[in-house]
Amino acid sequence: MISFSSPQWWIPAIVVLAIAALLVGWAAKRGRLTGRTRLLTMGCKLFALSLLALCLIEPVWSGTHPKPHSNLFVLLADNSRSLTAELGDAGDESASGHKSLSEKIAAELAPRNGEDHWLDRLGQDFELHAFAYDRRLQHLDMPTDLKWDGPSSALKSALQDVSRRFAGRPNGGIMLLSDGNATDVSAAELASALSEIDDLPPVYPVVFPEGGGKPDVLITTLSVSETPFEDAPVTVQCDAEFRGLTDLPADTDLLAECRLLNADGESVAVERQPVDRSSDVLAFRLQFRPVEVGVAFYRTIVSVRDVSGDNEEPLDELTQINNSRIVQIQRGSTPKRILYLSGRPNWEFKFLRRSLEDDQNVDLMAMIRVAKREAKFDFRGRDGQSSNSLFRGFKSDADEETERFDDPVLVRINTKTPDELRGGFPQNKDELFQFDALILDDIEASFFTTAQLTLIEKFVSERGGGFLMLGGTESFLTGDYDRTPIADVLPVYLDRAEFPTENESVTLDLTREGWLQPWVRLRSTESEERTRLSTMPGFRTINPSQGIKPGASVLSTVSDQNGAVWPALVTQQYGRGRAGAVMVGDLWRWQLRNIEDHPDDLSRAWRQMLRWVVADVPQRVDVQTLPAPDVAPEAVRIRVRVTDKEFSPLDNVRVEIAVRDADSPPREMAEASESADADDEGEIEVAKAEGSDDDRSVEAEPETLPALTLTAEASLEEAGVYTAVFVPQEPGAWTLTASALTSDSETLEADEAGVLFDPEVDEFRQSGLNRELLEQLAERTGGEVVEAERLDEFVSELQNRPAPVMTTWTMPLWDQPYVFLVVLGCLLGEWGLRRTKGLP
């Protein structure tokens, strides 16, 4: 910008210039020069006189630039491990040997021998602050102190911390050295994330050239499903993504392997599949039967080998860190208790009990009625009286509560204590709610009192227990359960349905919903399951019902030779629990028919059904873990629900949570001797841990002190709920054990949960440069993306960019040497023109 220091000289300067112009014109008119030469000489004189007149008002050239050391400038560098991945070279970088982004950044920050460094220039113009970030923001004494060993890239949190740290101070900008792969924000979420940050200065991301790089294999999704399936109750679904395989030679044959390792590094399951290069994703399904109880952690590893040649060679990948992930599996630490009540000794109980003899997860207590209500002595009383006359008159109990002479005879099997349920079927919640499930087999409704029928309904709806009614001559409608509270629990309506023809057998088949339930099937493939169903015997005892309640699922049916179909297995959710109805009353025929080919089929079916019944039954102390991003990105909110013996919310309880470092499985693969090769591609191997069904004893390990003990506080929103927050300091796995001490000094049975903090899952989800996020970040903050090769030029241009604190510079034009040189040049030019024409 041009300004004038002596504007009062404008009029004199104009007057002097006008007089000079008149004199020049008068002199030229009288001279002997004509035409074009005269005009050129006049122009030179007038231009020189104009510059001299302009100097009278003292013109000054002025501008602004950032005031030195008055503005901040932040150097923010990503310190995470993802920058160490070899991304390939581009252009001249191949000559330097720098393949990873961390090496390129280190080379750019390194001192230059005998050359000016852009960092030095930046420090001269600004107050330079250097920071590194991974999980948290860290100050750097020297920009070259980067180690690139952080487990995550919390870019959003780093920008927030920088903005807060220098709030109210002039910040000229942030130079960002990163690959743009943030673990706490995506490109789609960037706009809303930046709106939460106040006073964010312009961000200048520096991008480095990258080449094609190497192929990469990574685990994208990992899920665990626990089912009552007998052979493999735990299924791990692993989806692996393959990147960059199209750059490999066309004749390359690849074989992918997914392996599951336990805490000791032993392989428990493995699956191999050929890699289809036309597809980017390959799904693995690992099934195994864990021996451990409680919380356990396993590591899933996906590897790819080149099998094109005679020798199999591992695929040279970009990084192998994203090939591995930890998965958490939780198995019940205490057996589930089931109360079985039968109206008579039968074959069904024999095979059901036999199926659970070696099952440590289910504890079956049985009550078998061996005699109905038959009078031993007949002391007749008045009409309508059923109590024993010998006991009448000794106490004021009601007639129906007086000792009866026709009480049924019950045999108790597998009780915890000799006195457990000595008085018969439970009469109150304390007695019944200690069980996890209830099975009624061929017992009529009149066996129970009205209070007991209501108690059973509350056992399912309030306590969340499992309920199963087995078919028989005194079950369902024939047992007069209609218009009782149990009729509400059952998934079928107890209506009048047509019975199958007497002595005619019916055949069993699965419905579409039944095929989708692993606990209903006994074979691993559909063809094998259909073969099993076709060889099953016919059944002759059926409790027919055509009315299925809304929300109930029919999993299997039976049909006769005429094509009539009746439901055989029906389930539904009821309140907090679940209920099932087995409408067939002679499943024992199955065992008698299949002894030779598959002697264990009926036992497996019973075990899987009973495990389904007791699955997800709540305990008095129940632990849940939820993310707590309001505290920290890695924080976990521990939620403990505590109930009394009637499973009502329990307040005034001291809840402590012991946090122990779990034995996380190693990242390395198992030894070569443990990894047997599959004979066929796609074969699935299930390696069982040591110990069989007959020998499941596990040597007790010494008790270890908890690394941390948290005291949970009562929730203000929900009764009986206590919460605490756990923030992992390092990546790993932890076991949480919650114990509760009531106001009556009663210690409730503890419950366990697991916490897994594996930030590298998100850190290595995307490899390479995320240019989209960096460009959006620069655009939305008013910065720009800077190519690494023009860093020196960019730092020099910062002097011409606006900053919070600016200073003004001025340069007088009138006393500059080139002004007088121009005046002298014009006068000499005019004299030269005159001389060419022979004039003095």
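Hi everyone, let's start with the open sheet of 9 strands, whose order is 18-17-16-19-20-26-25-24-22 with mixed pairing. Strands here, like helices, are DSSP runs numbered from the N terminus, with at least two residues (E) for a strand and at least four (H or I) for a helix. Two strands count as paired if DSSP finds at least two bridges between them. At the edges of this sheet sit strand 18 (409-413) and strand 22 (507-510), each pairing on one side only. From one strand to the next, the twist averages 15°.

Before I go on, a word on what we are looking at. This is a predicted model, where local features need pLDDT of at least 70, side-chain atom pairs count only at pLDDT 80 or more, and totals for chains, interfaces and linings use all residues. Residues are numbered from 1 along each chain as its sequence is written, and side-chain values use heavy atoms, with hydrogens and water left out.

How confident is the predictor? pLDDT is its confidence in each residue, from 0 to 100. The chain has a mean pLDDT of 82, and 85% of its residues reach 70 or more. Over residues 394-403, though, the pLDDT is below 50, and this stretch has 10 contacts in the model beyond near neighbours in sequence. A contact, by the way, means heavy atoms within 4.5 Å. Residues 668-703 also stay under 50 in pLDDT, and for them the model has 51 contacts beyond four places in sequence.

Strand 16 and strand 19 pair in the parallel sense, over 5 bridges, and Leu 341 stands opposite Leu 440 in strand 19. Helix 10 packs on the sheet, touching strand 19, strand 20, strand 25 (565-574) and strand 26 (577-582), and its direction makes about 135° with that of strand 19. For these angles, axes are lines fitted to C-alpha atoms, for helices over the stretch in contact, and the values run from 0 to 180 degrees between N-to-C directions. Helix 15 lies across strand 16, strand 17 (362-371), strand 19, strand 20, strand 25 and strand 26, running at about 140° to strand 20.

That takes us to the packing. A nonpolar core is a set of buried Ala, Val, Leu, Ile, Met, Phe, Trp, Tyr and Cys residues joined through side-chain atoms within 4.5 Å; buried means under 20% relative accessible area, exposed over 50%, and partly exposed in between, with a 1.4 Å probe and protein chains only. Which residues have the most contacts inside the largest core? They are Leu 440, Phe 448 and Phe 467, in a core of 82 residues. Helix 15 (residues 601-614) gives the largest share of this core, 8 residues.

Now look at Ser 342, in strand 16 (residues 336-342). Its relative accessibility is 0%, so Ser 342 counts as buried. The side chain of Ser 342 makes a polar contact with the side chain of Asn 346, at 3.3 Å. By polar contact I mean a pair of N or O atoms within 3.5 Å; within protein, one must be able to donate a hydrogen and the other to accept it, and residues adjacent in sequence count only if both atoms are side-chain atoms. In helix 8 (residues 347-355), the buried residues include Glu 348, Phe 349 and Leu 352.

Most residues other than glycine have a negative phi. Asp 442, not a glycine, has a positive phi of about 55°. Asp 442 lies in the loop between strand 19 (437-441) and helix 10 (450-461). Phi of Arg 483 is also positive, near 65°, and Arg 483 is in the loop between strand 20 (466-470) and helix 11 (485-489). Buried or exposed, Asp 442 and Arg 483? Asp 442 is buried, with a relative accessible area of 2%, whereas Arg 483 is exposed at 86%.

Last stop: an open sheet of 3 strands, in the order 8-9-12, with antiparallel pairing. Strand 8 (216-226) and strand 12 (281-288) are its edge strands. Strand 9 is mostly covered, with 7 of its 10 residues buried. Thanks, everyone!

Key. pLDDT is the predictor's confidence in each residue, from 0 to 100.
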